[in-house]
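Hi there,

Here is the structure I promised to pass on to you. Please open it alongside this email, and then read my notes below.

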Amino acid sequence: MIVTIDGPAGAGKSSASKLLARELGFRFLDTGAMYRAVTWAVMNEGLDLTNTTAVAKLARRIRIEMDIESDTVMVDGEDVTQQIRDPAVTKNVAPVADNPLVREILVELQRKIAQRGNFVCEGRDQGTVAFPDAECKIFLTASAEHRARRRLLELEAKNIPADYSWILHEQNIRDRGDQERPVGRLRKAEDAIEVFTDDLSLREVVAKLKEIVQSKMNPTS
């Protein structure tokens with residue numbers, strides 16, 4: 001079974017998806033980490049992020065591995081779990097995510113990985129592009145202010161200096177970009193169930209998601 005969870009940046013998709021997968025006994029696929037991994041690799045090699053052909057060739061060449069158990073991301077054997085979450089990578093991921101060749105490569109990889117069993121797949125276009133026939137689709141969202149505060153707390157926990165106003169500003173720019181992208185744009189699948197998380201704790205979010213998934217697994221119960 002494939003459960004897709006899409007939504008805007010900062011809505012808590014990763015945290016909720018990981019916990020949901022654990023409670024369901026499913027595996028978790030963080031597709032956003034894949035685009036970050038490619039972005040990190042491009043920056044690490046000093047390539048022009050806007051050179052679509054060169055970036056795509058690199059994406060095809062590198063080996064991205066995601067260890068579900070230890071929650072680590074590897075690029076050619078190097079652990080880049082922390083590096084791909086750096087604000088510099090976040091700032092530069094857009095041109096990589098907008099690259100249609102890169103998206104084609106990574107969607108292909110996502111589908112191959114998901115063939116291995118039951119998965120909770122989290123990202124921006126999982127229910128619309130990667131897995132349009134998924135049995136359960138969820139659109140997880142929250143207000144811009146709530147998402148910005150959440151991101152601020154995450155950065156502070158990692159001792160990364162950050163400013164709420166700056167985060168909110170950058171997030172609003174990213175939201176517009178995500179909704180207007182030529183490929184893989186952020187949109188709710190027609191058959192997705194929307195879950196708004198502003199007034200919910202992580203546990204409450206996961207409980208609601210689990211209820212939705214179980215209703216899809218047992219539609220007549």
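The notes below go from the whole chain to its cores, a sheet and the salt bridges.

A word on the source before the findings: this is a predicted model, in which local features need pLDDT of at least 70, side-chain atom pairs count only at pLDDT 80 or more, and totals for chains, interfaces and linings use all residues. Residues are numbered from 1 along each chain as its sequence is written, and side-chain values use heavy atoms, with hydrogens and water left out.

**The chain as a whole**

The protein chain has 9 helices and 8 strands; these are DSSP runs numbered from the N terminus, with helices (H or I) of at least four residues and strands (E) of at least two. Its radius of gyration is 17 Å, close to the 17 Å that the globule rule gives for 221 residues, so the chain is as compact as a globular protein of that length. (That radius is taken over C-alpha atoms, and the rule is 2.2 Å times the number of residues to the power 0.38.) Along the principal axes, the C-alpha atoms fill a box of roughly 55 × 40 × 35 Å. Of the 221 residues, 46% are buried; buried means under 20% relative accessible area, exposed over 50%, and partly exposed in between, with a 1.4 Å probe and protein chains only.

**The cores**

The largest nonpolar core holds 36 residues, and Val38, Val102 and Leu106 touch the most other members. Such a core is a set of buried Ala, Val, Leu, Ile, Met, Phe, Trp, Tyr and Cys residues joined through side-chain atoms within 4.5 Å. Helix α2 gives the most to this core, with 8 residues. Leaving aside residues up to four places away in sequence, Val38 touches Val55, Ala59, Ile62, Ile64, Val96 and Leu106, where a contact means heavy atoms within 4.5 Å. There is also a second, separate core of 19 residues, which includes Phe28, Leu140, Val205 and Val213.

**A sheet to look at**

An open sheet of 3 strands runs in the order β3-β4-β5 with antiparallel pairing; two strands pair if DSSP finds at least two bridges between them. Strands β3 (64-67) and β5 (78-79) are at the edges with a single partner strand each, so one side of each has no neighbour in the sheet. Between β4 and β5 there are 2 bridges, and Glu78 in β5 is the bridge partner of Val75. Thr72 lies in β4 and is buried, at 17% relative accessibility.

**Salt bridges**

I count 16 salt bridges in the structure, each being a side-chain nitrogen of Lys or Arg within 4 Å of a carboxyl oxygen of Asp or Glu. Which residue forms a salt bridge with Asp30? The partner is Arg85, with the closest N and O atoms 2.7 Å apart. This pair links distant parts of the chain, since Asp30 is in strand β2 and Arg85 is in the loop between β5 and α4, 55 residues apart. Asp30 is buried at 7% relative accessible area, whereas Arg85 is partly exposed at 25%.

Asp178 and Arg174 also meet in a salt bridge (3.6 Å, N to O). Both are in helix α8, 4 residues apart, or about one helical turn. Asp178 is buried, at 3% relative accessibility, while Arg174 is partly exposed at 29%. Finally, Glu23, Arg203 and Lys210 are linked in a network of salt bridges.

Best wishes
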